[in-house]
Amino acid sequence: MTTKNNTAKQDNPVIELHVKNHPGVMSHITGLFARRAFNLEGILCGAMGDGRTSRMFLMVNEDKRLNQLIRELERLHDTICVTMRNDVHVDAFNPLHI
Amino acid sequence: MKRTGAQIITTLLERQGVTSIAGIPGGATLPLYDALIESKINHILTRHEQGAGFIAQGQARITGKAGVCLATSGPGATNLLTAIADARLDSIPMVAITGQVTLPMIGTDAFQEVDTYGLTLPITKHNFLVRSTEELLEVIPEAFSIAESGRPGPVCVDIPKDVQTAEIEFDAWPEPGQKIPPMQPEPSDIEALAAMLNKAERPILYVGGGITAAHCCSELQQLARQNNIPVACTLMGLGTIPADDPLFLGMLGMHGSRSTNYALQEADLLLAIGVRFDDRATGKLEEFCPDAAIAHVDIDRSEIGKLRATNLSVAADAGLVVRQLLPLTNRANRAEWLQRIAELKAMDPKMHRHEDTHPLGIIERVSEIMGEGSVITTDVGQHQMWVAQHYPFRKPRTLLTSGGLGTMGFGLPTAIGAAMASPGKRVVCFSGDGSILMNIQELATLADLNLPVTVIIMNNHHLGLVRQQQELFYGNRINASRFETVPDFAALARTFGVRGTNLGSETDPKSALADALSGSGPCIVDMPIDHVRNVYPMVPPGAANYQTLEGAAHDY
């Protein structure tokens with residue numbers, strides 16, 4: 001997994017995840033991408049409220065496997081909700097902002 | 001009350017209804033093994049953790065409830081992996097408990113430390129690394145609930161040693177983890193499915209392990225009979241409809257009957273229930289059921305559309321769907337379609353009674369001796385396919401076989417678990433001389449338990465299915481599939497204190513086989529077979545299912 005930004009276009013799809021927050025969640029999620037050799041173009045993640053859940057944004061490239069990936073993300077025990085977003089600007093994932 | 005983590009684990013397992021656990025102790029599970037002394041749970045000491053995993057699977061495949069296995073950290077956990085992955089691919093409920101080094105030692109490359117959480121992550125339905133003793137009260141019941149709910153699967157619970165030893169104070173025990181009842185399907189989906197079925201002229205039911213998991217075999221049979229729908233089964237679906245039912249088409253796919261695969265080519269509706277369009281079943285997917293509308297029912301939404309686009313899909317429990325579908329279907333007689341199926345079946349090679357030394361002959365003899373509800377386990381290879389094609393399974397949970405992962409070494413330990421879960425009944429394991437050596441050490445466990453398990457080793461001194469594929473698809477260049485050394489399995493059995501017989505050297509092989517399948521305790525049967533025999537029909541890997549290879553007359 002890399003988080004390179006330069007290959008991503010303005011209109012890249014972004015997967016928004018609401019998940020339980022514990023140390024293994026990220027591995028569960030990224031594992032589904034890694035086994036398919038499907039690169040994540042950007043990751044943003046942060047805890048919500050009391051820290052029991054997190055919100056995660058994954059910027060990806062258009063791919064015919066996305067629907068299947070989303071269904072498998074939804075199947076994960078730690079996943080509360082998955083939403084596709086097309087209104088997240090690519091700059092949100094720019095590491096130069098940090 | 002005050003309890004240690006280890007005591008909490010054993011009590012929660014008891015409250016969960018667990019009566020036996022298979023495993024091997026080690027440094028990181030010593031506290032748990034100490035607590036087991038005070039527990040009512042019976043521990044089965046295996047000789048390899050993979051054996052423990054498959055014993056748990058054997059129990060689970062018989063009962064439908066999660067089997068439990070136990071391994072220590074490091075190599076104990078890595079040895080379990082194959083059995084966990086196998087359970088995942090065949091949707092078998094299982095809870096694997098592994099010891100882990102103490103919390104402060106995690107990540108230091110401590111002795112027998114391995115990242116069990118990371119290793120089991122892609123092969124479990126869910127996994128836990130328990131980080132405090134308090135968490136056990138939540139995690140253990142949840143592990144069972146996850147394993148048994150929805151599409152069943154394995155759950156791994158990794159428990160550091162200090163979590164097991166720490167003592168905590170708490171008020172009450174949590175409720176045991178329960179199977180969560182499946183959601184009701186949408187009535188409009190059921191109506192649409194019924195409409196599709198009612199107007200179909202050439203429908204086929206394509207069913208698999210999901211029917212067994214949903215306990216809806218009799219409803220499935222009713223649906224098939226009242227609407228005259230032929231039924232093709234996956235390997236995991238064998239037993240969901242009796243083999244002698246006129247509507248039964250046998251197994252589809254790579255080693256399915258030619259008539260079955262041809263019938264699927266002609267179908268106008270494929271009603272797929274509790275199946276996942278596995279490549280061994282569908283062959284080249286683009287050419288599978290080319291003229292059929294596809295209706296797919298599966299409890300796992302992520303299976304729907306994964307490989308084949310559907311015309312109608314219902315993500316719901318197979319039992320609920322089939323039960324609600326029954327009153328809406330119109331009892332068509334479909335005489336023309338059944339006539340066509342009969343014509344196709346008539347073109348299959350004629351089956352005659354086989355001689356005793358033929359692989360199909362021994363399957364016939366065993367099925368004649370064993371009762372119709374007897375449990376059969378297999379290993380993986382030619383013998384597995386011969387059993388799947390030829391053994392007359394009539395009930396669900398009577399064929400225990402490694403379908404998805406195709407794990408050689410599955411048969412013996414799974415038979416032990418199955419025999420434990422079906423007291424008083426003899427379990428037969430069909431194996432090969434390649435497969436049996438992959439978990440041969442469990443003969444010692446079998447001897448310990450003195451269970452009525454008969455292992456029949458079809459011995460051709462080869463990895464037969466590999467040899468077959470080298471013969472057929474690699475210009476007969478046989479490489480690394482012939483064994484130089486094959487042990488005397490009957491003598492080997494006796495060194496473990498188990499009865500052993502070689503049907504090739506018995507003066508009366510018939511009565512030797514009958515003896516092996518009766519009496520008390522285990523028995524190992526070495527059955528020499530001709531290594532040139534192939535499994536037919538066979539669809540070459542990657543080919544469409546109608547591109548069937550047929551063998552010579554002697555192969556049937």
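# Notebook: salt bridges, ring pairs and the A–B contact

**Entry 1. A glutamate in chain B.** I began with B:Glu368, which is partly exposed at a relative accessible area of 46%. Here buried stands for under 20% relative accessible area, exposed for over 50% and partly exposed for what lies in between, taken with a 1.4 Å probe on protein chains only. The model is predicted, so I note that local features need pLDDT of at least 70 and side-chain atom pairs pLDDT 80 or more, while totals for chains, interfaces and linings use all residues. Residues are numbered from 1 along each chain as its sequence is written, chains are lettered from A and ligands numbered from 1 in the order written, and side-chain values use heavy atoms, with hydrogens and water left out.

**Entry 2. What B:Glu368 pairs with.** I found its side chain in a salt bridge with that of B:Arg365, at 3.4 Å from N to O. For a salt bridge, a side-chain nitrogen of Lys or Arg must lie within 4 Å of a carboxyl oxygen of Asp or Glu. How far apart are B:Arg365 and B:Glu368 in helix α15? They are 3 residues apart in this helix (residues 359-369 of chain B), and therefore separated by about one helical turn. Helices (H or I, at least four residues) and strands (E, at least two) are DSSP runs, numbered from the N terminus.

B:Arg365 also forms a salt bridge with B:Glu364, and there the closest N and O atoms are 2.7 Å apart. I checked the accessibility of both partners. B:Arg365 counts as buried at 7%, and B:Glu364 counts as buried at 11%.

**Entry 3. Where chain A meets chain B.** I then turned to the contact between the chains, where contact means heavy atoms within 4.5 Å. Chain B gives 15 residues and chain A gives 12 residues. About 1100 Å² is buried between them, and carbon and sulfur atoms give 52% of that. Buried area is the accessible area (1.4 Å probe) that two parts lose on being put together, summed over both.

Which residues of chain B lose the most area to chain A? They are B:Leu121, B:His126 and B:Ser302, together 40% of what that side buries.

The rule finds 1 salt bridge across this interface. A:Arg75 and B:Asp300 form a salt bridge with their closest N and O atoms 2.5 Å apart. Both belong to a salt-bridge network that links A:Arg36, A:Glu72, A:Arg75, B:Arg151, B:Asp300, B:Glu303 and B:Lys306.

On the chain B side, β6 (126-129) and α6 (133-148) are the elements that give two or more residues.

**Entry 4. Ring pairs.** I listed 8 aromatic pairs over all chains. Rings of Phe, Tyr and Trp (its six-membered ring) pair if their centres lie within 6.5 Å; planes under 30 degrees apart count as stacked, over 60 as edge-to-face and the rest as tilted.

B:Tyr206 and B:Phe288 are edge-to-face, because their planes stand at 75 degrees, with the ring centres 6.0 Å apart. B:Tyr206 is in strand β9 (residues 203-207) and B:Phe288 in the loop between α12 (279-282) and β13 (293-297) of chain B, so the pair ties together parts 82 residues apart in sequence. B:Tyr206 is buried at 0% relative accessibility, and B:Phe288 is buried at 1%. With B:Phe277, these residues form one aromatic cluster.

**Entry 5. Chain A in outline.** I recorded 2 helices and 4 strands in chain A. From the N terminus on, they run β-α-β-β-α-β. Of its 98 residues, 43% are buried.
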